Amino acid sequence: MNAPSQDRPVLGVLWMLATGLSFVVVNGIVRYLGTALPAPQSAFIRFAWGLLFLLPALRPVLRSGFGPRVWGLFALRGGLHTLAVILWFFAMARIPIAEVTAIGYLNPIMVTIGAALLFGEGFAWRRMLAIGVALIGALIVLRPGLREITPGHYAQLGAALVFGASYLVAKRLTQLAPAGVVVALMALTVTIGLAPFAAAVWQPVTLTQVLWLGGVAVFATLGHYCMMRAFACAPMTVTQPVTFLQLVWATLLGWLMFGEAVDPWVLVGGGLIIGAISYMTWRESRIKRRTTTPPVNATKG
């Protein structure tokens, strides 16, 4: 009998390591490009590249017989993701890579809060405690009152909040459309959504900048692919803690390539956030296992 698809923890960890490295490369390229191009323009070029990769899959998607309500959800997700992407590109060019990464770990926390409020998933005391720990971690990263909180920090906090809202809409969409359709239409709607913002601030762009942003699209796509492979090989309780290494690599990249000081408080705060996320993931997997495992007698017959 074949082994269960999620019974390959070592391979799952390796795929998740590749995920983290891919996203760190994305961060590094955007940080390297800096503020030479306005955030909406950089984001538009990056998503235009991504849309180019997905063009073969779009024709059958656009012929899908979805109703107005589903198309409205696609448009809502596109609008939310457009705003989040602009905020992320703005923050990435202005604050250290490690801080962007640490604050970005708040995305799953925002999703958890939203799922409890919108989808009735509940607020068990353990979940509330984990959320509290994650928010303390965010305060440690930001340290308001002890240092200046810049527009880049506010932008990344906003990005985490809006990305969370986008993922909640995506969660609903996956119940109404195949996952591949959701991904393809996100690329299309975000590219369309970014176009007017990019046009309003458009500046001359070099071929080198366009190619670098193409690299962002390639490594972002690779990162998502590796993440899906990791989830297929091992439970999230195994792969989730590995994502903390992304913060370590981001810190090293910022220090070695951009001369950014290593801030131990960012590592501590990021560690608290990812620890809280890992606990929630472990806890949810146990609850799910308890509710889906059939009684002994039900397996006979």
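The side chains of R147 and E99 meet in a salt bridge, with 3.0 Å from N to O, where a salt bridge is a side-chain nitrogen of Lys or Arg within 4 Å of a carboxyl oxygen of Asp or Glu. This pair links distant parts of the chain, since R147 lies in the loop between α6 (125-142) and α7 (151-173) and E99 in helix α4 (residues 97-104), 48 residues apart. The helices named here are DSSP runs (H or I, at least four residues), numbered from the N terminus. R147 counts as partly exposed because its relative accessibility is 25%, whereas E99, at 6%, counts as buried; buried means under 20% relative accessible area, exposed over 50%, and partly exposed in between, with a 1.4 Å probe and protein chains only. The model is a predicted one, in which local features need pLDDT of at least 70 and side-chain atom pairs count only at pLDDT 80 or more, while totals for chains, interfaces and linings use all residues. Residues are numbered from 1 along each chain as its sequence is written, and side-chain values use heavy atoms, with hydrogens and water left out.

A search of the whole structure finds three salt bridges. Side chains of opposite charge can pair when their charged atoms come close. One of these bridges joins R31 to E260, whose closest N and O atoms are 2.8 Å apart. R31 belongs to helix α1 (residues 9-33) and E260 to the loop between α11 (244-258) and α12 (264-292), so this pair ties together parts that are 229 residues apart in sequence. Both R31 and E260 are buried. R143 also forms a salt bridge, with D263 as its partner and 2.7 Å between the closest N and O atoms. Because R143 lies in the loop between α6 and α7 and D263 in the loop between α11 and α12, the pair ties together parts that are 120 residues apart in sequence. Both R143 and D263 are buried, the relative accessible area of R143 being 16%. The backbone of R143 can be described as well: its phi is near 50°, a positive value in a residue other than glycine.

Helix α4, which holds E99, is largely enclosed by the rest of the structure, because eight of its eight residues are buried. The buried residues of α4 are I97, A98, E99, V100, T101, A102, I103 and G104.

The largest nonpolar core has 30 residues, of which W88, F89 and L213 touch the most other members; a nonpolar core is a set of buried Ala, Val, Leu, Ile, Met, Phe, Trp, Tyr and Cys residues joined through side-chain atoms within 4.5 Å. The elements that give two or more residues to this core are α1, α2 (39-62), α3 (68-92), α4, α7, α8 (179-201) and α9, and α3 gives the most, with seven residues. When residues up to four places away in sequence are not counted, L213 touches L33, L37, S42, I45, R46, W49 and F89, contact meaning heavy atoms within 4.5 Å.

With residues up to four places away in sequence not counted, R46 touches F89, L213, V216, A217 and A220. The charged end of R46 sits over the ring of F47, 4.2 Å from its centre, a description that requires NZ of Lys or CZ of Arg to be within 6 Å of the ring centre and within 35 degrees of the ring normal. In the case of R94, the charged end sits over the ring of F90, 3.7 Å from its centre.

A search of the whole structure finds seven aromatic pairs. Among them, W15 and Y225 form an edge-to-face pair, with 5.9 Å centre to centre and 85° between the planes; rings of Phe, Tyr and Trp (its six-membered ring) pair if their centres lie within 6.5 Å, and planes under 30 degrees apart count as stacked, over 60 as edge-to-face and the rest as tilted. This pair links distant parts of the chain, with W15 in helix α1 and Y225 in helix α9, 210 residues apart. Y225 counts as partly exposed, at 43% relative accessibility.
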